[in-house]
Amino acid sequence: MLVHGRGGTAEGLIRLADEFYRSGATLLAPGAVRSTWFPAPHEAPLSANEPSLTSAVDCVDSAVGVARDAGVPPERVVLVGVSQGGAVVAEFLRRRPRRFGGAFVVSAALPGEDLDSGGVEGAERDEGGPLAETPVALDSSEDDPYVPAERVRATAGVFERAGAAVELRIDAGDGHGLSDATMGRIGERIAELLDDG
């Protein structure tokens, strides 16, 4: 599942997926209206991005449903979100947590003003964590011009507390978007799931 960033397109992200596609995988890529999932910056109060943010989360949920209807359960779905699309994937995991095949939140963080106040749905009720060891990779850079590294680290903490198997990678520099290293790791995760199938 590929979720593009602000100003991007589903088609553009699918073209990039040539770098990590593996034979036997199916790519789904929802598209945002006018290439924007929500209007305000990701660090704005959640209310500033509603109802668009909820609509974006519902869009990802619908795509997961399409995969399920095609015989691909959530445990075999890898979610990849880049920039604003990464914020959407992160919010989807927060609101609709369960075991997924993996998630890559790239150059992004959870949306909202205060990340410490909003945990993952059901985290206080589920002893094992509602994300049930879902591998969640957060990839960013120390001087990303759009997403402060502190927000990425705070997002990692939210998912760790919800039971995800978090891998946090913050590279030096000011890169924003999919790096070759990240695309390699996405390809490895897809290959692992295909080998297990």
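**Notebook: a buried proline, a sheet and its helices**

I started at P130, which counts as buried because its relative accessibility is 9%. My cut-offs: buried means under 20% relative accessible area, exposed over 50%, partly exposed in between, with a 1.4 Å probe and protein chains only. P130 sits in the loop between strand 3 and strand 4. I also checked its distance to V120, 10 residues away along the chain: the C-alpha atoms are 7.7 Å apart.

A note on the model. It is predicted, with local features needing pLDDT of at least 70, side-chain atom pairs counting only at pLDDT 80 or more, and totals for chains, interfaces and linings using all residues. Residues are numbered from 1 along each chain as its sequence is written, and side-chain values use heavy atoms, leaving out hydrogens and water.

**Whole chain**

I counted five helices and five strands. Both are DSSP runs numbered from the N terminus: helices are H or I with at least four residues, strands E with at least two. The order from the N terminus is β-α-α-β-α-β-β-α-β-α. The radius of gyration is 15 Å, close to the 16 Å of the globule rule for 197 residues, so the chain is as compact as a globular protein of that length. That radius is taken over C-alpha atoms, and the rule is 2.2 Å times the number of residues to the power 0.38. The C-alpha trace spans about 40 × 35 × 35 Å along its principal axes. Of the 197 residues, 48% count as buried. I then looked at contacts (heavy atoms within 4.5 Å). Among those between residues at least 6 apart in sequence, 75% join residues at least 24 apart.

**The sheet**

Two strands pair if DSSP finds at least two bridges between them.

I went through the pairs. Strand 1 and strand 2 pair in parallel over two bridges, and V3 has G81 of strand 2 as its bridge partner. Strand 2 and strand 3 pair in parallel over five bridges; V82 stands opposite V106 of strand 3. Strand 3 (residues 102-106) and strand 4 (residues 135-141) are parallel too, over four bridges. There F104 stands opposite A137 of strand 4.

Next I looked at strand 2 itself. Five of its five residues are buried, so strand 2 is largely enclosed by the rest of the structure. V78, V80 and V82 point one way, L79 and G81 the other.

**Helix 2 against helix 3**

Helix 2 (residues 52-69) packs on helix 3 (residues 84-95) at about 80 degrees, with the axes 9 Å apart. That makes the two roughly perpendicular. Axes are lines fitted to C-alpha atoms, for helices over the stretch in contact, and angles run from 0 to 180 degrees between N-to-C directions. Under 35 degrees is roughly parallel, over 145 roughly antiparallel, 65 to 115 roughly perpendicular, the rest oblique.

Which residues make the contact? Helix 2 gives L53, T54, A56, V57, V60, D61 and V64. Helix 3 gives V88, E91, F92 and R95. They divide into seven nonpolar, one polar and three charged. Here Ala, Val, Leu, Ile, Met, Phe, Trp, Tyr, Cys and Pro count as nonpolar, Asp, Glu, Lys and Arg as charged, and the others, Gly among them, as polar.
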